Amino acid sequence: MIYNKTNFCVLACLVLFLCGTYAFSQEPVAPSNVVAKDTPNDDGTSITVTWDTIPEESGIVSYTILRNTDAGEFKEIADKINPKEILDKKKPNLSKYKDTKIVKGKSHAYIVHAVYIDDAPMDSEEILTLIGFLRRLLRMFGYKSEMHIPSEQTAAVKATGQWFHTGKTPLFLAMLLFSSAIVWNIYHARSGREVFIRRIPGLEAVEEAIGRATEMGRSILYVLGLGGVDNVATIASMTILGQVARRTADYETSLRVPCNDPIVLNVVREMVKTSYLDVGRPDAYNEDDIFFLTTDQFAYAAGVDGMMIREKPAAVFLQGQFYAESLLMAETGNSIGAIQIAGTDSEHQLPFFIAACDYTLIGEELYAASAYLSKEPMLLGSLKGQDWGKLLIFAAIILGVSLEFFGINWITTLLRSVS
Amino acid sequence: MKRQVPLALCFLFGVAMIYTQFSPHQYSEAVYNEVIKWGLIISPFALVLAVVTLIQTHTSRIRFRSEHWQYSFIVFIGMIVMVAVGLFFVPNWLLNLLPENVSTALADVQIGPQNPVFVWLYDNVQVPMDATMFSLLAFFIASAAFRAFRARAFEATLLLITAMFVMLGNIPVGDLVWNKVISWLPLPESWVLLEDGTSRMEDGASWLRQEILDVPNTAARRGIILGVSLGVISQSIRIILGIERSYLGGGD
Amino acid sequence: MEVFGLWVAAALTLCIYSFLYRDNPFYRFAEHLFVGISVGYGIVIAIHQGVIPLAWEPLSEAFGGLWIEIAGDVTPESRQALWGLFRIIPVCIGLLFFARLSPNYAWLIRYPIAILIGFGAGAAIPNVLQANIFKQTQGTVAPFVTIHTADPASWVGTVGAVLMVIGVIITISYFLISVEQRDSFKWLSIIGIGLGSWGFAFVIADSITNDGLTATEIVGSILMVLGLLGTGYYFVSSVEQRNTFKWLPIAGISLLIIGFIVIYGNTIWNGNLTPWEVFSAVLIVIGVFCTLTYFFFSVEHRGAIQWTSKIGIGFLMIGFGAAFGNTVMGRLALMIHRVGFLINDWLGSIVALFG
Amino acid sequence: MLERFMNMDRRIIFLLIALVVIIPTLIPVRLRITVSEPTQKLYDYIEALPSGSNIMLAFDYGPSSLAEPEPMAKAVMQHCFSKGINVIGMTLFPSTVTLADKLMKKIADENNAVYGEDYVFLGYRPGTLPVILGMGTNIANVFDKDYQDTPLSDIPLMANVKNYDQISLLLDLASSSTTETWIIYANTKYDLKIAAGVTAVIIAQMYPYLQTGQLVGMMPGYLGAAEYEKLLNAPGDGTVGLNTASFAHLLIIGLVILGNIAFFIQRRKEA
């Protein structure tokens, strides 16, 4: 007998067949309840196959998935799938495989193979038998027998895309609810009813700052930050600027506005012009006082710092969205002794404004300030709507925490399902 | 035309962006991707405005000889050099006219942001200035701390003390000092040592810093974020519905 | 070139640092050069990474495809490329920015601006709602999920929870009514608080009876319900009455807390979370609550609200202090790096030159 | 006198800060450094890797905040080269490509590492998400060529690296929230092990991920770099930086305390 590898393999195969039933000390199970479904809430590019998880104790090693297309031949599409990695996160007794390489417009059916490997321990008696000995030998050479147990074939399915993501329903409802609250409040405010806004410390200082600039015959510098025209802070800042401009027009104080965003520049020019027109001083408006510096963050800060040192404005307004350049400008403004009124919703920069400026509008206070100064029903109304939103958040937190103490977790589940 | 059409466009694009985020269908995905590309195509053109206004500002400075008008030339020089280098390329028809060794040499010069001169300017002019401007913050943060951190009122004191503790926790000296102090204090052993013999109170400075960041800091930030986000959403709603029109500027 | 670059970079670095002393021609030179260079850089990047790949290339391909179509050799690729023709629309809209140059047609730039703004607003609504509002609220409640070890609620608890949710919502809607109208809607608040307290009682009863009722638990739950009713009564009573009952909310809240500790103290102490973790989680809830109260604008800050918002400011200040202290290291690092560049790279090269 | 101290010219403070930074840079002083747990974990993880493993370095910081990530890159690469671990570099930031390329070359030269065998630099491709997700299935789909335009198939190091399966660790050197993106997409989806080296400003954001084990380890700013250098027993920029920063911190703390003492004395006088 020639003892080479080929012969050995032939022998091994033979042995494998012989000891097939012996090899698997625990009963191998076929995957049951295999179902293929179009994956819900996707763009129609995948099919999800689910089946009952085969318990680890059965000795399962991996799964192999086979698929056919339009009732054709079954072909292997994935193998060596680790059973632990495909457990459904919510229901661990369900295994889930998502096939993302489907053929568009064709229907697919699936078969799942459970794969077992013979590495069960042997007791001493078993080793003494011929088969046991051979198996032992095979294992010593690293040969392990694999056994595929196929499931039933699933029904054929086609993948389609959905027009609405049902998982996002709570988010959608929350959006509708909040939108209607805002719109309803704006509508009410417009109908002429007074809306109360609490006093905002720092806003009194606006008059003081403008007055001082007028007395000293120096200019006012208004910085709108780095935000674009769609940024809330920038829009709030522009509204405040409109109000400041009305007063500077009255007092004939020069108002300098270096801009960072060209679109903002354009809008601000229009707004300030309108303010000057409204108080009847179109002659005092000078378009060159509102100008573009650069879009680069630090180049902009360098430019503003230079202006502060050279022109020595009596008051500096820093309102809008800021990044790291906030402190560069606020400290330079402080060093020239200007009254500084800051306001931003960038929470990272607030500490520096608080440290370096005389008055700081914190976060949402900036939005409230624009409503407070302009008294515009639209802004007042939506501020009220935002307060409703806060009440709902309060309710969610209080209920969520207290119910959780009693083991009821609806609120937390709802919140988690959305986020 | 002047007001209604922009408002309608704003509404259309806003609703398209909202809807496509709730719909996983392939068509709405396609619309979403296309809308994003439109946004990406349109926004660079906004730079036109920037450049035009920059040129206007500085030409008028030069023309009226305002203070330091000479420096406006430097702005122009910087801009023109950078653009000329970055957009430099030789059209194919010119390449064909030139002698072969010149044309191959020219063709090898990478165009755009990879152009060696552009890279050199970026590395040795823009980046150093950017980094230096950023590093000025180290000086300013120190002077702001010295001036502002005075225990004037209760709130200021809280700010000051927290900042001090966090700073101490950030440097190794903080823990060194802490551990020394703990070893000096006549504390009962059961307080200081855990069952496995390790110290319970070691590295208190960095622990305290971490707790401050994790608990009160998280709470305060969350409060600000929640408030600000409500503001962002409500403004976005106003914009899409055409209630907020300030971005159109004044006039008709 | 390398050495020359080193010198240029060092010189510009020093020019900018000279600003620390005071404004001077060197700083002004660097400042203006920086502005010019950065605008130029912005233009180049916008053209190379925006206009060319997104507009120029698809368009030229599309015109190529069009040419093929006209010539009559239709291929699937040329058909596909034709879609690129759609890109003409955004390019044209973008070109409207040039309208700014003409005083008569300047209003045309509103078109691209309106599109960009609508685009941004639409993208913001669902994402901000999801990421900031829901996620942050969930994060506040999340630590409490692991606190409970007992079995899930029975039907008694479920009914109680429903009542609590309804009660809280009704009470909140009472606060939405404007102050003048509140008197005629007083019944609403009473119903709300009543339902809420009953639900609360149910839920407590359920979670307690799960493992039999003990004397401490009965005492604790009575205290809690009393506390809740007392606090609720204070808030629905009219302003004049409130002055006489000033002690009520304080007493009510302390009763709530005592009752709570009586019942759950043991569970929490031996539960999944360490007492310190429970304390942190509760502190975060209090912090978020107080800070958010500070940002309440449509109510005058008096009485209880004033105190809550004062605590909120305290939290804000601690948060700002922490952020400030943490940033010091980051900013110093930037400076140390620049100083390292000047001393090691630049001065080092000079020393190397002579030594 | 008190008055003058309290309102002293900011330029004096500037000068003090400058001195406190310049002197330790010229004359390095060494304070004792205790190694914190996140850094130790990262070191232990790399130390336990067998020779011939691959780690990936993502240079995800802007040029203006390179101060802290660079010493970290240096320390980790030095560790890897000494252990025969291959380093694959890439970046998600377009503006960092040249910087990262130069840095890798410099460190490799110091450690006698050979390009293509011990390390490669893949460069930059636009789009954060497509890049992270794409490399999970096949790196060559995203980076068909390296930064020097050599096809990946011609690089000996890349012959055995197909996707994340052959990469033992991704170290994200970050100055913004890119680490979170790596965690959400590469770790959750492809089970790629991730560690972070971040600037001081965003350290606090990383702790939740360390707690859950989504991060193998972390180097917090200069402190992290210095700690890693201590573990390697090779003090470098991080150690110098941390020591320098410590003095500056102490100066600021001292100034604030003195300022407050002066403030209290003055207030007592006035009262």
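Begin by selecting helix H6 of chain B, residues 116-148, together with helix H1 of chain C, residues 2-17, in this predicted model. The two helices pack with their axes 9 Å apart, at an angle of about 25 degrees. Angles under 35 degrees count as roughly parallel, and H6(B) and H1(C) are therefore roughly parallel to each other. The crossing in which H6(B) passes H1(C) is right-handed.

Remain with chain C and select helix H6 of that chain, residues 155-176, which contains Ile172(C). Is Ile172(C) buried or exposed, or does it lie in between? It counts as partly exposed, because 17 C-beta neighbours lie inside 10 Å; a residue is called buried at 20 or more and exposed at 12 or fewer. Ile172(C) and Leu188(C) are 16 residues apart in sequence, and their C-alpha atoms are 9.9 Å apart in space.

Now turn to chain A. Its domain assignment gives domain 1 (5-150), domain 2 (166-192 + 381-418) and domain 3 (204-375). Colour domain 2 of chain A and domain 3 of chain A separately: 34 Å separate their centres, taken over C-alpha atoms.

The next selection is an open sheet of chain A. Six strands form this sheet, in the order E10-E9-E8-E11-E12-E13, and their pairing is parallel. Which strands stand at the edges? They are E10 (290-292) and E13 of chain A; each has a single partner strand, so one side of each is left without a neighbour in the sheet. On average, neighbouring strands of this sheet are turned by 15 degrees against each other, direction ignored.

Within this sheet, select strand E8 of chain A, residues 220-225, and strand E9 of chain A, residues 255-259. Two bridges pair E8 and E9 of chain A in the parallel sense. Ile220(A) has Leu255(A) in E9(A) as its bridge partner.

Then move to strand E12 of chain A, residues 339-344, which runs parallel to E13(A) and is joined to it by four bridges. Ile341(A) stands opposite Tyr359(A) in E13(A).

Finish on strand E13 of chain A, residues 359-362. Tyr359(A) and Leu361(A) point one way from the strand, whereas Thr360(A) and Ile362(A) point the other way. All four of these residues are buried.

Definitions and conventions. Residues are numbered from 1 along each chain as its sequence is written. Chains are lettered from A and ligands numbered from 1 in the order in which they are written. This is a predicted model: local features need pLDDT of at least 70, side-chain atom pairs count only at pLDDT 80 or more; totals for chains, interfaces and linings use all residues. Domain bounds come from an automatic or database domain assignment. Two strands pair if DSSP finds at least two bridges between them. Axes are lines fitted to C-alpha atoms, for helices over the stretch in contact, and angles run from 0 to 180 degrees between N-to-C directions. Angles under 35 degrees count as roughly parallel, over 145 as roughly antiparallel, 65 to 115 as roughly perpendicular and the rest as oblique. A crossing is left-handed if the near helix is turned anticlockwise from the far one by less than a right angle, and right-handed if clockwise.
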